[in-house]
Amino acid sequence: MYNPSQILAAREARNDRIIGAAKSANIITVKANIPGADKRVKESFLIVRYFTNTVLRSLGGEAAIYDGADGIYAVIKTTGENLKERTVEIEKTDPIGRFCDIDVYLKGAKSSLSRGYMRTCYICEQPAFVCARQGNHTVEQLLGVLKSGTREYFSSLIAGIIKQSLLSELNLENKFGLVTPTSQGSHADLNYGVMLKSQDAIIPYLVQLFWAGFNAERTDGLLNKLRPIGMEAEKAMYAAAETNTYKGFIFVAGVLLASVGYVLSRNERYFDNVFSTAAKICKGITNELDNDGKTNGITAYKNYKITGVRGHAEQGFSVVRQAEALIGGDLSSDNLLKVLCRIVGGIEDTVLLKRSKSLEKYLYFKHRISSVDITDKIQLKSLNEECIKNNISIGGSADVLASAIMLNKFRSLWHFDNN
């Protein structure tokens with residue numbers, strides 16, 4: 001924790017920055033409303049980055065995030081109109097708006113506009129300044145409400161994003177032997193309803209993996225903390241579906257969720273740090289392929305030196321990164337199918353390898369799928385039927401696509417600087 005003189009200096013520097021920016025533009029600032037002297041609690045990073053993007057979506061503009069002894073804050077230059085009324089509406093209507101201070105400085109102003117009303121205490125209905133003056137609640141009590149409220153809110157948002165991402169992948173048609181809304185594909189033991197049921201079973205554990213990363217102090221040993229949660233997710237999956245539906249996704253998305261949490265908890269500037277963090281978490285994981293065992297991954301490595309998902313993880317999920325960039329906010333079916341084909345060409349899909357039953361056949365379908373023209377619907381349908389006829393499936397690639405969609409949605413949930 002910083003000392004009082006450092007906090008005061010940071011506060012003065014923030015004020016100078018804001019007043020300087022307001023000389024040439026209307027300015028909106030975003031800061032977490034943290035009780036107590038220590039403003040740099042981890043939850044403040046979630047709050048400021050989230051409301052920065054909320055303001056940008058509503059009012060437009062350009063944002064910069066700053067950090068210091070007095071906490072994280074954003075400075076947004078905007079040309080929007082009715083700024084105070086609209087920012088007050090955000091504070092009042094968002095479920096965690098009370099945890100955020102959004103101030104408006106009109107061009108040339110040296111002070112912010114008034115809200116026109118008094119904000120209430122987190123715990124009771126009295127004005128916050130009255131409670132503070134009377135000492136009605138301890139800092140610990142107020143922080144407890146803020147932390148629990150923030151975590152509950154983002155848990156719900158994260159769960160929703162995971163669900164939307166899984167559905168975006170599942171709802172694609174002519175998907176090279178994968179389950180779709182109208183087909184079991186090459187999976188006699190699966191159907192659309194089973195996949196939906198399985199999704200709902202695993203999502204709570206995936207949310208836990210985000211918070212495990214958020215709570216972590218370092219990446220060393222973090223994988224060992226994630227694995228028990230992942231195993232519980234697998235148990236829930238088998239209980240719901242009685243077969244493997246999303247085992248690969250639990251691993252890929254689980255590590256990436258922990259990486260997102262870790263990056264946010266450290267207030268790192270760039271979203272792509274998620275991938276370098278994932279590589280650190282999974283450092284040395286390919287050493288497991290030398291173990292005795294008959295798992296799909298170990299068999300692929302011993303027979304063909306294919307490192308599969310472990311190799312992908314050790315590289316920081318480079319193909320997920322490429323796929324997320326290719327999505328670029330375009331979640332149309334055509335674009336997602338195009339990205340899926342690129343994924344098939346880019347990863348070592350051990351599900352495809354196992355189903356192919358030979359390296360030659362594996363390479364044949366890998367080439368066919370990665371080079372198909374998805375705009376040619378006749379060719380696309382024909383290749384899908386060929387995959388089903390040969391019992392082919394690209395489950396590993398589907399896990400990568402769903403994970404890339406998930407990260408693409410996270411990129412717009414919280415504000416990050418451009419690399």
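Analyst: **The sheet and its hairpin**

In the hairpin of S2 and S3, Gly71 takes a positive phi near 105 degrees, and 6 residues lie between the strands. Strands (E, at least two residues) and helices (H or I, at least four) are DSSP runs, numbered from the N terminus. Keep in mind that this is a predicted model, where local features need pLDDT of at least 70, side-chain atom pairs count only at pLDDT 80 or more, and totals for chains, interfaces and linings use all residues. Residues are numbered from 1 along each chain as its sequence is written, and side-chain values use heavy atoms, leaving out hydrogens and water.

S2 and strand S3 (residues 73-78) run antiparallel, joined by 5 bridges; two strands pair if DSSP finds at least two bridges between them. Along this pair, Glu62 stands opposite Lys77 in S3, and Ile65 stands opposite Ala74 in S3.

Now for the whole sheet: it is open, with 4 strands in the order S2-S3-S1-S4 and antiparallel pairing. Strand S2 (62-66) and strand S4 (100-105) are the edge strands, each pairing on one side only. From one strand to the next, the twist averages 20 degrees.

Two helices lie across these strands. Helix H1 (residues 4-22) lies across strand S1 (26-32), S2, S3 and S4, at about 5 degrees to S3. Helix H3 (residues 83-93) lies across S1, S3 and S4, at about 180 degrees to S4. Here contact means heavy atoms within 4.5 Å, and axes are lines fitted to C-alpha atoms, for helices over the stretch in contact, with angles from 0 to 180 degrees between N-to-C directions.
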